[in-house]
Amino acid sequence: MSKFNSFKAVALAATFAVSGGVMMAVPATAHHHGAKPAKAAPNIVETAMSTGVHNTLVAAVKAAGLVETLSGPGPFTIFAPTDDAFGELPDGTVATLVKPENKGTLTGILTYHAVAGTVAAGDLIDLIEAGDGSATITTLSGGTLTAMIDDGSVVITDAAGRTSTVVQADVTTSNGVIHVTDGVFLPG
């Protein structure tokens, strides 16, 4: 199996695991008398709040005033660093960034993790393959990220030259998709 196909299989497995591995078809004419309406899928912010590993990201999104935007219709693709990823930043970085006087800087960093539209793992791999091994991704902040495949995983390089790996792909939300990363992107 090629590295690209291996990643596609991992992305499919992650998607299958997130969905609980259940696939159901309901006929369009089915009537569910007395049944409660299905709860809408959670949006990006609600999903991040529910993971238990994105508490720092959620706090930063709140401090930057981006909750309403990232809860809106989108669609967005979010590269979501884990709490451990934020913990790798120099001591005091997060505490400094969430201060009100640093809202502009924080917003710039967070929007550097967001892309307009839905870019699923398969789409990203297709872009990497079409780019002869790398793809440039333009973020909502206007900055760029470079995506490549390394040892079967998608690796993202930010403007500061730092690399982060996508550790979970295709977490589907009502307004886009989340790819969990093991690092924080810095715009430069």
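The following legends describe close-up views of a predicted model.

**View 1. Aromatic cluster of Phe-79, Tyr-112 and Phe-185.**
Two aromatic pairs are found in a search of the whole structure. In one of them, the ring centres of Phe-79 and Phe-185 are 5.8 Å apart and the ring planes meet at 55°, so the pair is classed as tilted. This pair connects distant parts of the chain, since Phe-79 belongs to strand E1 (residues 76–81) and Phe-185 to the segment after strand E7 (176–181), 106 residues apart. Phe-79 has a relative accessibility of 2% and counts as buried; Phe-185, with a relative accessible area of 0%, is buried as well. The rings of Tyr-112 and Phe-185 have a centre separation of 6.4 Å and planes at 85°, and the pair is therefore edge-to-face. Tyr-112 is located in the loop between helix H7 (103–111) and strand E2 (114–116), while Phe-185 is in the segment after E7, so this pair ties together parts that are 73 residues apart in sequence. Tyr-112 is also buried.

**View 2. Strand E1 and its burial.**
Six of the six residues of E1 are buried, so the strand is largely enclosed by the rest of the structure. In a regular strand, side chains alternate between the two faces of the sheet. Accordingly, one set of E1 residues comprises Phe-76, Ile-78 and Ala-80, and the set pointing the other way comprises Thr-77, Phe-79 and Pro-81.

**View 3. Strand pairing of E1 with E2 and E7.**
E1 and E2 run antiparallel and are joined by three bridges. Within this pairing, Ala-114 of E2 is the bridge partner of Ile-78. With E7, E1 pairs in the parallel sense over six bridges. Gly-176 in E7 stands opposite Phe-76.

**View 4. The largest nonpolar core.**
This core has 23 residues, of which Leu-70, Ile-78, Leu-110 and Ile-178 touch the most other members. At least two residues each are supplied by helix H2 (44–51), helix H3 (55–64), E1, helix H5 (83–87), H7 and E7. H3 provides the largest share, four residues. In soluble globular proteins, nonpolar side chains tend to be buried together.

**View 5. Surroundings of Ile-178.**
With neighbours within four places in sequence left aside, Ile-178 is in contact with residues including Ile-44, Thr-47, Ile-78 and Ala-80. Its contacts also include Gln-168, Ala-169, Asp-170, Val-171 and Thr-173. Ala-169 belongs to a second, separate core of 18 residues, which also includes Ile-137, Ala-147 and Phe-185.

Conventions. Residues numbered from 1 in each chain as written. Predicted model: local features only at pLDDT ≥ 70, side-chain atom pairs only at ≥ 80, totals over all residues. Heavy atoms only, no water. Phe/Tyr/Trp six-rings, centres within 6.5 Å; stacked < 30°, edge-to-face > 60°. Buried < 20%, exposed > 50% of the residue type's maximum accessible area, 1.4 Å probe, protein only. Pairing = 2+ DSSP bridges. Core = buried A, V, L, I, M, F, W, Y, C linked by side-chain atoms within 4.5 Å. Contact = heavy atoms within 4.5 Å.
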